[in-house]
Amino acid sequence: MTGSTVVGPLLMGFDPNVAILCSGLGTILFFLITGGRIPSYLGSSFSFIALVVTLTGYSGHGPNPDIALACGGIFVAGGVYALIGLLVRIMGSGWIERLMPPSVTGAIGAAIGLNLAPVASRGLGHGGAGTGCGIFALLCTALLAVYGGPYLRRLSILLSLLASTLVYVVVANGLHLAPPMDFSEILAAPLIGLPHLTAPRFTEHAAILLAPVALVLVAENLGHLKAIGAMTGRPLDHLTGRAFLGDGLATMLAASLGGTGVTTYVENIGVMALSRVYSTLTFGVAGLFAILLGFSPFFGALLRAIPEPVLSGLSVGLFGLIAATMVRVWVDNHVDFSRASTLFPVGVALVAGAGDLTFTIGSVTLGGIATATIAAISLNQILNSGSDSQKPPSCP
């Protein structure tokens, strides 16, 4: 869970202790609402990163001074998500699957990864020793994921984080080739203490900006449920409503305490695929462990001390994996890209996400992730009402 629970909050300037605490609480809540029948850990959702940075004007360094404002918008998004879950429980999941077939969910997921690309590349720097350490972190993650044994693959992000940070200490603090790490906060932090909770502050602008993320979370969670069902050989379609409801309520709980929005995390689905351990109790134990870490200011200080180039190097890999994993969604579901009615929704969504296509209508501002989601869903509905035999136009 290192990628989502550690990297995500730091990129938004959230307190990592609170984010980890909320991920644990959210996982336990999700476990209870789903009756312990869906093996999922709820990490911090990357879908909020770009919009939170835009909303708060976060500079990318240190604590975000407008966490309360972001939490207000995240709470509203969680509420919309929970309402969708209730509708699915009442009406079934058929309408969601018609609204978001694999071609659409894959396009939305890929658009998220592409939309976040500037967030990662900005912190990687413009050359020098710091950039080299970030690239080292990226290479470590990739090499461990490909050539490491099953156990090392599960820990690839965590081990890369440790190794690249140590390299940065040698390069920066030892050789003075980059801005040195400051260990004063780590030395002053107590091992055990209360996290600094933040109450959400509600504004119309934040609510309107972040509420559409609920649709993105629905698409993500639906894809994850399909993947877990295929992996375990037990379809989870009948639990879709509960999963949405649990995820939405967990996001509202996190936002009410000053944490990031949470969602089922694809990285942990990969861990299940490697380990073939599908016990839901595993995730309950992980949630309890995360709650304990949330009460350790020393652990939070360690996370805040991670050098920005190292964090950005890992982010390049993680965000790239988000986009690339969606290709697997298309492959596994045999999405037919010979049809123009498939190509246009996917293509427009990818461009909208990567280019951060933003529309402002009155007081409503829709960022790249929201416009990509709306484009994929609406174009799919419009174009797939026509002939399935349509072929894409030939390029000159």
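**Exercise 1.** How many residues does helix α4 have, and what distance does α4 reach from its first C-alpha to its last?

*Solution.* The model is predicted, with local features needing pLDDT of at least 70 and side-chain atom pairs counting only at pLDDT 80 or more, whereas totals for chains, interfaces and linings use all residues. Residues are numbered from 1 along each chain as its sequence is written, and side-chain values use heavy atoms, leaving out hydrogens and water. Helices here are DSSP runs (H or I, at least four residues), numbered from the N terminus. Helix α4 covers residues 67-91, which makes 25 residues, and reaches 36 Å. The expected span, 1.5 Å times one less than the number of residues, is likewise 36 Å. After α4 comes glycine 92, with a positive phi near 90°.

**Exercise 2.** Determine which residues have the most contacts inside the largest nonpolar core.

*Solution.* A nonpolar core joins buried (under 20% relative accessible area, 1.4 Å probe, protein chains only) Ala, Val, Leu, Ile, Met, Phe, Trp, Tyr and Cys residues through side-chain atoms within 4.5 Å. The largest such core has 82 residues, and Phe48, Ile49 and Phe319 have the most contacts inside it. Its largest share, nine residues, comes from α4. A second, separate core of 14 residues includes Cys22 and Leu236.

Definitions and conventions
Helix = DSSP H or I, 4+ residues; strand = E, 2+ residues; numbered from the N terminus. Buried < 20%, exposed > 50% of the residue type's maximum accessible area, 1.4 Å probe, protein only.
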